[in-house]
Amino acid sequence: MRNLGGGGDASRPSAMQGLHNWLLQSGILNNGSSQLVDGSGLSRLDRLSAKELVSALAYSYQQSWGKIWRDSLPVAAVDGTLRHRFLDLPKGTIRAKTGTLRNAVTLAGLLRNKSGEAYVFAIMVDHFQGTDAEARARVDQVVRDIILGKSQLSPSRDS
């Protein structure tokens with residue numbers, strides 16, 4: 001990751017600046033509110049909007065390496081952090097990465113609705129009232145509604 005900065009001093013700040021510049025040049029970042037401190041997603045100081053995360057996911061799916069990366073994501077009801085979630089939906093319907101910090105729950109990836117249309121999505125919930133489990137259940141219900149056609153969304157261009 002530190003080589004991503006392209007000619008920097010191989011420090012974390014240089015690498016994060018290089019990553020930030022690449023994200024801007026790729027059209028993924030479109031405003032000045034994003035902030036990359038360590039790039040791991042584990043720092044509360046990292047800031048990326050759900051729209052920017054969706055842009056990054058959509059970009060990755062269009063790259064030559066996109067299928068390999070997509071196939072590495074946990075599959076709902078099968079493996080990883082999603083193995084016990086969405087057990088009521090057909091396997092393979094959702095490939096996504098979870099994220100949980102204190103008072104923050106995230107789910108982002110790719111899903112296919114009951115008509116087979118593909119959606120890139122990111123749901124981020126922060127500073128919610130209630131428990132992590134309650135927030136996660138609400139996120140899961142939004143995803144179910146999309147898959148089952150109870151939500152009016154536009155399919156991605158990569159379907």
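Visitor: What relative accessibility does Trp 22 have, and as what does the residue count?
Guide: Relative accessible area is read with a 1.4 Å probe on protein chains only: buried means under 20%, exposed over 50%, and partly exposed in between. Trp 22, at 32% relative accessibility, therefore counts as partly exposed. Tyr 59, at 22%, is also partly exposed. The model is predicted: local features need pLDDT of at least 70, side-chain atom pairs count only at pLDDT 80 or more, and totals for chains, interfaces and linings use all residues. Residues are numbered from 1 along each chain as its sequence is written, and side-chain values use heavy atoms, with hydrogens and water left out.

Visitor: How many aromatic pairs does a search of the whole structure find?
Guide: A pair of aromatic rings is described by the distance of the centres and the angle of the planes. Rings of Phe, Tyr and Trp (its six-membered ring) pair if their centres lie within 6.5 Å; planes under 30 degrees apart count as stacked, over 60 as edge-to-face and the rest as tilted. The search finds 2 such pairs. Trp 22 and Tyr 59 form an edge-to-face pair, with 5.5 Å from centre to centre and 85 degrees between the planes. Trp 22 belongs to helix H1 (residues 12-25) and Tyr 59 to helix H2 (residues 50-61), so this pair ties together parts that are 37 residues apart in sequence. Helices (H or I, at least four residues) and strands (E, at least two) are DSSP runs, numbered from the N terminus. Tyr 61 and Trp 69 form a tilted pair, with 5.9 Å between centres and 50 degrees between planes. Tyr 61 is buried at 11% relative accessibility, whereas Trp 69 is partly exposed at 32%.

Visitor: In what order do the strands of the open sheet stand?
Guide: Strands of a sheet pair through backbone hydrogen bonds, either parallel or antiparallel. Two strands count as paired if DSSP finds at least two bridges between them. Here the open sheet has 3 strands in the order E1-E2-E3, with antiparallel pairing. E1 and E3 stand at the edges, each with a single partner strand, so one side of each is left without a neighbour in the sheet. E1 and E2 are joined by 8 bridges, and E2 and E3 by 9.

Visitor: Which residue stands opposite Leu 111, and which is the bridge partner of Arg 112 in E3?
Guide: Ile 94 stands opposite Leu 111 in E2, and Ala 118 is the partner of Arg 112. Gly 99 has Thr 106 in E2 as its bridge partner. The hairpin of E1 and E2 has 2 residues between the strands, and Asn 103 in the turn has a positive phi of about 60 degrees. The hairpin of E2 and E3 has 5 residues between the strands, with Gly 116 at a positive phi near 90 degrees.

Visitor: Which residues have the most contacts inside the largest nonpolar core?
Guide: In soluble globular proteins, nonpolar side chains tend to be buried together. A nonpolar core is a set of buried Ala, Val, Leu, Ile, Met, Phe, Trp, Tyr and Cys residues joined through side-chain atoms within 4.5 Å. The largest core here has 18 residues, and those with the most contacts inside it are Leu 82, Phe 86, Ile 94, Leu 107, Leu 111, Phe 121 and Val 143. Strand E1 (94-101), strand E2 (104-112), strand E3 (118-126) and helix H4 (132-147) each give two or more residues to this core. H4 supplies the largest share, 5 residues. Another core, of 9 residues, lies apart from it and includes Leu 53, Leu 57, Val 120 and Ala 122. In E2, 7 of the 9 residues are buried, so this strand is largely enclosed by the rest of the structure.

Visitor: Against which strands do the buried residues of H4 pack?
Guide: An α-helix has 3.6 residues a turn, so residues three or four places apart point the same way. The buried residues of H4 are Ala 135, Val 139, Asp 140, Val 143, Arg 144, Ile 146 and Ile 147, and they pack against E1, E2 and E3. Just after H4, Gly 149 takes a positive phi of about 80 degrees.

Visitor: Where does Thr 93 lie, and which residues does Thr 93 touch?
Guide: Thr 93 lies in the loop between helix H3 (66-71) and E1 and counts as buried at 10% relative accessibility. Contact means heavy atoms within 4.5 Å. Not counting residues up to four places away in sequence, Thr 93 touches Leu 110, Leu 111, Arg 112 and Ile 147.
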